[in-house]
Amino acid sequence: AKDDQDAGETVLSAEEEQRQADIQAVIDSYENLGIVQVSGFLNIRKSAESGSQVVGKLLDKSACEILEILDGWYHVKSGDVEGYVSADYVLAGEEAREAAKDLVTDMAVVTADNLNVREEPSTDANIVGQCLEGERYEILGETDGWYQIDSGYISSDYAEKKLCMNEARKLDLKSMALYYY
């Protein structure tokens, strides 16, 4: 039987094509995209100096909008956090846009002020952590009204499923006290 498909050509279903377009739209929503490359997380500081107060953190592979390029620093906005990060740990330009193609995924975006993370998908389960409004968590699974994230389960009543990239996390008050020096 003759194969009509050219060697190496991939035929995408309409659904896959739409998903690729949606992924590109997420990438294009950033004017000057930056992608964080660190082990652990990158501190976002109040001013462009290493001793400055930490106001948030960007996990590895998180996205940010680069607002200004300074000497060794980027002035960035990511999620609800704006501040300064070391330029050494951020991909920019075409390199960032290329890396981003693998980083756009279904995420749970928290819509409540504080959302409990539970050990199991139940309001009776132990609380193992908290999420703050606007934070994004990769959805690892869905179970009857719950999203499974890396640290446990959150109620889908208080999080919106959205195709996006991870962005900065605010520091809660306890963390801010620990990071302040």
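Colleague: In strand 7, which residue is the bridge partner of Ile35?
Modeller: This is a predicted model. Strand 1 and strand 7, the latter covering residues 90–92, are paired antiparallel through three bridges. Within strand 7, the residue bridged to Ile35 is Leu91.

Colleague: Which residue is the bridge partner of Ile35 in strand 4?
Modeller: Strand 4 spans residues 63–69 and runs antiparallel to strand 1, with three bridges joining the two. On the strand 4 side, Ile35 is bridged to Ala63.

Colleague: Which residues of strand 1 point the other way from Leu33 and Ile35?
Modeller: In a regular strand, side chains alternate between the two faces of the sheet. Strand 1 covers residues 33–36, and its four residues are all buried. Leu33 and Ile35 point one way, and the residues pointing the other way are Gly34 and Val36.

Colleague: How many residues apart are Arg97 and Asp28, the pair that links distant parts of the chain?
Modeller: Arg97 and Asp28 form a salt bridge, with 2.5 Å between the closest N and O atoms. Arg97 belongs to helix 2 (residues 93–100) and Asp28 to helix 1 (residues 14–28), which puts the two partners at a sequence separation of 69 residues.

Colleague: Is Glu167 buried or exposed?
Modeller: Glu167 makes a salt bridge with Arg136, the closest N and O atoms lying 3.7 Å apart. Arg136, at 13% relative accessibility, counts as buried. At 11%, below the 20% cut-off, Glu167 likewise counts as buried.

Colleague: Which strand holds Lys161, the partner of Glu142?
Modeller: Glu142 and Lys161 meet through their side chains in a salt bridge, 2.6 Å from N to O. The two are 19 residues apart in sequence, with Glu142 in strand 12 (residues 141–143) and Lys161 in strand 15.

Colleague: What is the phi of Lys61?
Modeller: Most residues other than glycine have a negative phi. Lys61 lies in the loop between strand 3 and strand 4, and with 47% relative accessibility Lys61 counts as partly exposed. Although this residue is not a glycine, its phi is positive, near 70°.

Colleague: What is the relative accessible area of Asp144?
Modeller: Asp144 is not a glycine, yet its phi is positive at about 35°. Asp144 occupies the loop between strand 12 and strand 13. Asp144 is exposed, because its relative accessible area is over 50%, at 76%.

Colleague: Which residues are closest to the centre of the largest pocket?
Modeller: The largest pocket has a volume of about 660 Å³. It is lined by 25 residues, and those closest to its centre are Leu59, Tyr137, Asp150, Asn166 and Arg169.

Colleague: How many residues of the lining of the largest pocket are charged?
Modeller: Strands 3, 8, 9, 10, 11 and 16 each supply at least two residues of this lining. By class, nine lining residues are nonpolar and six polar, and the number of charged ones is ten.

Note on methods:
Residues are numbered from 1 along each chain as its sequence is written. This is a predicted model: local features need pLDDT of at least 70, side-chain atom pairs count only at pLDDT 80 or more; totals for chains, interfaces and linings use all residues. Side-chain values use heavy atoms; hydrogens and water are left out. A salt bridge is a side-chain nitrogen of Lys or Arg within 4 Å of a carboxyl oxygen of Asp or Glu. Buried means under 20% relative accessible area, exposed over 50%, partly exposed in between (1.4 Å probe, protein chains only). Two strands pair if DSSP finds at least two bridges between them. On a 1 Å grid over the protein atoms alone, a cavity is a set of points where a 1.4 Å probe fits but cannot get out, and a pocket is an open set with protein on both sides within 12 Å along at least five of seven lines; lining residues have an atom within 4 Å of a point. Grid points are joined across faces, edges and corners, and a volume is the space filled by probe spheres set on the points. Ala, Val, Leu, Ile, Met, Phe, Trp, Tyr, Cys and Pro count as nonpolar, Asp, Glu, Lys and Arg as charged, and the others, Gly among them, as polar.
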